Amino acid sequence: LPTIDMDDWEQNTIYSGLFESKAYRDHVVQWFWEVVRDDFDQEMKARLLQFVTGTSGVPSKGFSFLQGNDGNIKKFAVHGVDRKVYVYPRAHTCFNRIDLPNYTSKKELYEKLK
């Protein structure tokens, strides 16, 4: 399994949808990173990365060089969606994007993400 540099991953993530204006300051985004950093082991982190990007591998030069399926740089993206429309996270591997519902608790986010 790859060793995933969580600081690099977080620093090279973009936010859109419901999270675009607040980005990292949004409590759901903070819960997401807390769950991934603190509650997921290396295997779960690699599985999440594979779910969103199509590969569990980390780019040799770091997350700032993460590529989409077209070969162009496509940073990891967390896209906020309404939990009334989407119950579970969805992945768009061609865009390295996870659609993350705006959950009402960290526990709910963890249960749906694992």
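Contact here means heavy atoms within 4.5 Å, and the model in these views is a predicted one.

**View 1**
T13 sits in strand β1, which covers residues 13-17. Leaving aside residues up to four places away in sequence, T13 touches W33, F76 and V78. With a relative accessible area of 9%, T13 falls under 20% and so counts as buried.

**View 2. V52, tucked away in helix α3.**
Helix α3 takes in residues 42-53, V52 among them. The relative accessible area of V52 is 0%, so this residue is buried. Its neighbours, again skipping residues up to four places away in sequence, are F76, A91, H92, T93, N96, R97 and I98. Pick out H92 in that group: 40 residues separate it from V52 along the chain, yet the two C-alpha atoms are 6.3 Å apart.

**View 3. Helix α2, end to end.**
Helix α2 runs over residues 27-39. Its 13 residues, at 1.5 Å each, should span 18 Å, and the end C-alpha atoms are 17 Å apart, so the two values agree. At the start of α2, look for D26, where a side-chain oxygen comes within 2.9 Å of the backbone nitrogen of V28.

**View 4. The buried side of α2 and its cover.**
V28, V29, W31, F32, W33, V35 and V36 are the buried residues of α2. The elements covering them include the helices α1 (6-11), α3 and α4 (106-113), along with the strands β1, β2 (76-81) and β4 (97-101). W33, one of these buried residues, is also touched by T13.

Methods:
Residues are numbered from 1 along each chain as its sequence is written. This is a predicted model: local features need pLDDT of at least 70, side-chain atom pairs count only at pLDDT 80 or more; totals for chains, interfaces and linings use all residues. Side-chain values use heavy atoms; hydrogens and water are left out. Helices (H or I, at least four residues) and strands (E, at least two) are DSSP runs, numbered from the N terminus. Buried means under 20% relative accessible area, exposed over 50%, partly exposed in between (1.4 Å probe, protein chains only). The expected span of a helix is 1.5 Å times one less than its number of residues. A polar contact is a pair of N or O atoms within 3.5 Å; within protein, one must be able to donate a hydrogen and the other to accept it, and residues adjacent in sequence count only if both atoms are side-chain atoms.
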